[in-house]
Amino acid sequence: MRAAVVRTFGGPDAVEIAEVPVPEPGAGQVRIKVAAGALNPVDAGVRAGFFGGAGKTLGLGWDAAGTVDAVGVAAAWQVGDPVVALVPGVSDPLGAHAEYVVVDAGAVAKAPATVDAVHAGTLPLNGLTAVQALDLLDLAPGASLLVTGAAGAVGAFAVQLAAHRGIEVTGHARAGDEELVRSLGAAHFTAGGPRASSRGAWTRCWTRRCSVSRRWSGCGTGARTWGCGPGRTPRRCAGCGRGPWR
Ligand SMILES: NC(=O)c1ccc[n+]([C@@H]2O[C@H](COP(=O)([O-])OP(=O)(O)OC[C@H]3O[C@@H](n4cnc5c(N)ncnc54)[C@H](OP(=O)(O)O)[C@@H]3O)[C@@H](O)[C@H]2O)c1
């Protein structure tokens, strides 16, 4: 079968399409015939040598969508099941960017019936990242959440999943992405940058030198005495009180 690998680190030209044996599933594993897989920043990192592994053959690809093709002992999937899977690893000889991939059964989920494999293949890495972050935050319905990069791969999932949990989301993204971010379920939107004031539910206080460099609430109200205000660089840091800076 064909698989995308790197043997020498570099840019996109470093990716090789290699002929390799079809992998066999062991106990508790399944083999997926890959129909589609997303390209994520981690793939570029592996390709460029960010994670090491010089001298080895490294497989690319963390996201896969396809159908179960072979099942190992005690793997609770059936041949033919449409699935998505997370294929994590920065030092393995094979990744999801291959015609077949073997993964642990626990890394496999039923593919959504409403989208094709190309779309389903974008779910595992970024969807899991967003859902795990939300699980760790453990916010109650009605809580407020600021999602930065709200139009991005992880952020767009985070906005939708948080809104689905009844959380009041403020999405931060570029101004041109406001319609998209709101359509994902964000109740508020901000495109404010370091020197701009943020409108809506969030107001920023930025300073230049303090490690406590941001305050996400209070600015423009109580913290105004420190020099904060909409559209202004604070004269003193609301975190440490040092200043003044202009
Ligand atoms: N398992 C994990 O821990 C895991 C998994 C996946 C990702 N991540 C991390 O999560 C982060 C986001 O990844 P991603 O894949 O979602 O990235 P992404 O798709 O590139 O999304 C980032 C978003 O932020 C926007 N953005 C960048 N600079 C901005 C600015 N100054 N003002 C407003 N918007 C700005 C980008 O807009 P433009 O496209 O217009 O620049 C883009 O929409 C990264 O740090 C990544 O490493 C972690």
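Predicted model: local features only at pLDDT ≥ 70, side-chain atom pairs only at ≥ 80, totals over all residues.
**Group meeting: sheet, cores and ligand shell**

Val6 stands opposite Leu58, a residue of strand S4.

Strand S1, residues 2-6, is joined to S4 by two bridges, and the pairing is antiparallel. The two strands belong to an open, three-stranded sheet with antiparallel pairing, in the order S2-S1-S4. Strands S2 (15-19) and S4 (58-59) each have a single partner strand and stand at the edges, so one side of each has no neighbour in the sheet.

Now to the protein as a whole. There are 13 strands and five helices, and 36% of the 246 residues are buried. Considering contacts between residues at least 6 apart in sequence, 61% of them join residues at least 24 apart.

Where do the nonpolar residues gather? The largest nonpolar core has 33 residues, and Ile32, Ala64, Ala85 and Val101 have the most contacts inside it. At least two residues of this core come from each of S1, S3 (29-36), S5 (63-71), S6 (82-86) and S7 (100-104). Another core lies apart from it and has 18 residues, including Ala162, Ala173, Val181 and Ala186. In soluble globular proteins, nonpolar side chains tend to be buried together.

Let me take Ala64 as an example. Leaving aside residues up to four places away in sequence, Ala64 touches Ile32, Val34, Gly37, Val84, Ala85, Val87, Ala96, Val101 and Gly121.

Next, a loop residue. Gly89 is placed in the loop between S6 and S7. Is Gly89 buried or partly exposed? Gly89 has 17 other C-beta atoms within 10 Å, and 20 or more would be needed for a buried residue, so Gly89 is partly exposed. Gly89 and Gly61 are 28 residues apart in sequence, and their C-alpha atoms are 8.7 Å apart in space.

Finally, the ligand. Which residues surround the ligand? They are Pro41, Leu125, Asn126, Thr129, Gly149, Ala151, Gly152, Ala153, Val154, Gly155, Ala173 and Arg174. Helices H3 (124-137) and H4 (153-164) each contribute at least two residues to this shell. By class, the shell has six nonpolar residues, five polar residues and one charged residue.

Key. Residues numbered from 1 in each chain as written. Pairing = 2+ DSSP bridges. Helix = DSSP H or I, 4+ residues; strand = E, 2+ residues; numbered from the N terminus. Near = placed C-beta within 6 Å. Nonpolar A, V, L, I, M, F, W, Y, C, P; charged D, E, K, R; others polar. Core = buried A, V, L, I, M, F, W, Y, C linked by C-beta atoms within 7 Å. Buried ≥ 20, exposed ≤ 12 C-beta atoms within 10 Å, placed from the backbone. Contact = placed C-beta atoms within 7 Å.
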